Amino acid sequence: MEPLTIKTPADVLSFVGHTLGFWPHESLVCITLDANRVGATLRVDLPNREGGLRYARTVADYLAHDASAASVLFAVYTSEPQKPGQPKPHAATIAALTCALAERGMTIRDGLLVGDNTVSPYDGDPHDGPTQPLKATQSSQINAEFVYRGSTIAPTNHITLPAPTKEGRTADAVDDRVKTIHRMNAGEALEQARTLWDGMLDAISYPNDDQTISLIANFQAPAIRDQLMADIPGIDEPMDRVLLAQTHGGPQWSRVEWAQQLLLHAYTHSSTKHSAPILTAIAFVNWWEGRGSKAHQFLQLALEADPAYRLARLSDLMIGSGMVAGWNMDKDRAFRPWGLEAS
């Protein structure tokens with residue numbers, strides 16, 4: 001594909017929307033730059049209170065993982081109005097971020113203030129600056145190119161799960177299959193589960209109902225579940241390194257994306273009592289791809305299905321602490337488009 005050229009504020013906002021997959025609200029978005037090349041895109045919620053050096057340093061630490069970045073372009077998305085003669089919304093936050101970036105050898109190239117209906121330069125008087133309507137993003141060259149490539153921008157990052165289709169009919173069948181797994185030799189059960197899962201990941205169509213029931217049942221066994229999750233990226237390295245995205249090799253992202261579709265398919269066939277492992281696995285996929293907020297939402301749904309589900313609770317603590325999947329710290333291995341979210 002031909003490289004894209006960002007020229008206007010509307011281009012920047014279109015790039016952000018398509019990179020993240022949704023339109024940010026009450027968010028700080030930062031894009032790292034190396035000369036004229038775009039690096040990582042990071043979105044974080046704006047702080048509840050103005051300023052906060054700890055907040056700024058956390059954001060700067062994320063951005064500093066892009067070792068080749070020399071500067072940052074930021075956009076503050078907020079409904080807070082700009083009052084004449086008053087500091088810009090979240091001015092203390094941006095001042096703290098400027099200092100935190102300088103400590104890491106990075107500078108701010110430019111900034112935008114994105115309101116409910118307009119976008120304007122962050123610096124300068126909004127009445128004197130070139131304010132543009134947000135609808136200009138719809139006609140920007142970048143937006144047209146992304147749409148041509150099949151990309152869309154969702155209104156928010158809130159996930160919507162597909163409705164279960166066969167919950168009542170499969171619950172008993174899954175329970176029976178789980179009992180069969182427990183009666184099997186552990187090594188044999190694991191090998192059988194991996195063979196089934198690998199076949200699904202290599203297929204070009206969804207599995208039949210019997211295969212789907214087996215997949216749901218396999219995810220109920222923690223040892224099998226962990227290995228099946230580690231098999232998703234297609235990397236032959238230790239399981240713990242794969243799950244934490246700390247491998248030497250890079251993921252096969254098309255395989256990861258297909259795995260998510262298969263897991264969503266399994267979710268639509270699962271009962272509530274069987275859905276927590278499936279939702280947790282989907283959360284890991286989103287975390288690997290840099291979508292921390294969506295990963296958090298999937299983990300919360302897993303805990304709604306089973307409040308005692310330990311992997312979901314521990315994973316949510318990990319993601320909530322700000323840990324970023326290692327693959328997203330390397331432009332050659334990160335999911336494209338390279339957009340990061342911090343919950």
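A residue counts as buried under 20% relative accessible area, as exposed over 50%, and as partly exposed in between. Ala173 has a relative accessibility of 24% and therefore counts as partly exposed. This alanine belongs to helix H5, which covers residues 167-183. The structure in which these values were computed is a predicted model.

The overall form comes next. The protein contains 13 helices and seven strands. Its C-alpha atoms fill a box of roughly 75 × 40 × 35 Å along the principal axes. For 343 residues, a compact globule would have a radius of gyration near 20 Å, and the 22 Å of the protein agrees with that expectation. Among contacts between residues at least 6 apart in sequence, 70% join residues at least 24 apart.

Of the 343 residues, 50% count as buried. The protein exposes about 16600 Å², and carbon and sulfur atoms supply 52% of that area. There are 29 positive and 39 negative side chains, and the centres of the two sets lie 2 Å apart.

Which residues have the most contacts inside the largest nonpolar core? They are Trp197, Phe219, Ile232, Leu263, Trp287 and Trp288, in a core that has 57 residues. Helix H11, residues 272-288, provides the largest share of this core, with ten residues.

Apart from residues up to four places away in sequence, Phe219 touches Arg225, Leu228, Met229, Leu263, Pro277, Ile278, Ala281 and Tyr309. Is Ala281 buried or exposed? With a relative accessible area of 1%, Ala281 falls under the 20% limit and is therefore buried. Beyond its neighbours within four places in sequence, Ala281 is in contact with Phe219, Met229 and Leu263. Met229 is 52 residues from Ala281 in sequence, while their C-alpha atoms are 6.4 Å apart in space.

Ala173 and Glu237 are 64 residues apart in sequence, and the distance from C-alpha to C-alpha is 34 Å. Ala173 is partly exposed at 24%, whereas Ala281 is buried at 1%.

Glu26 is not a glycine, yet its phi is positive, at about 45 degrees. Glu26 is located in the loop that runs between helix H1 (9-20) and strand E1 (27-34). Its relative accessible area is 34%, so Glu26 is partly exposed. Ala245, likewise not a glycine, has a positive phi of about 55 degrees. Ala245 sits in the loop between helix H9 (239-243) and helix H10 (253-269). What is the relative accessible area of Ala245? The value is 0%, so Ala245 is buried. Thus a positive phi occurs in the partly exposed Glu26 and also in the buried Ala245.

Note on methods: Residues are numbered from 1 along each chain as its sequence is written. This is a predicted model: local features need pLDDT of at least 70, side-chain atom pairs count only at pLDDT 80 or more; totals for chains, interfaces and linings use all residues. Side-chain values use heavy atoms; hydrogens and water are left out. A nonpolar core is a set of buried Ala, Val, Leu, Ile, Met, Phe, Trp, Tyr and Cys residues joined through side-chain atoms within 4.5 Å. Buried means under 20% relative accessible area, exposed over 50%, partly exposed in between (1.4 Å probe, protein chains only). Helices (H or I, at least four residues) and strands (E, at least two) are DSSP runs, numbered from the N terminus. Contact means heavy atoms within 4.5 Å. The radius of gyration is taken over C-alpha atoms; the globule rule is 2.2 Å times the number of residues to the power 0.38. Accessible areas come from the Shrake-Rupley method with a 1.4 Å probe; for residues, only the protein chains shown count as cover. Lys and Arg count as positive and Asp and Glu as negative; His and the chain ends are not counted. The place of a charge is taken as NZ of Lys, CZ of Arg, CG of Asp or CD of Glu.
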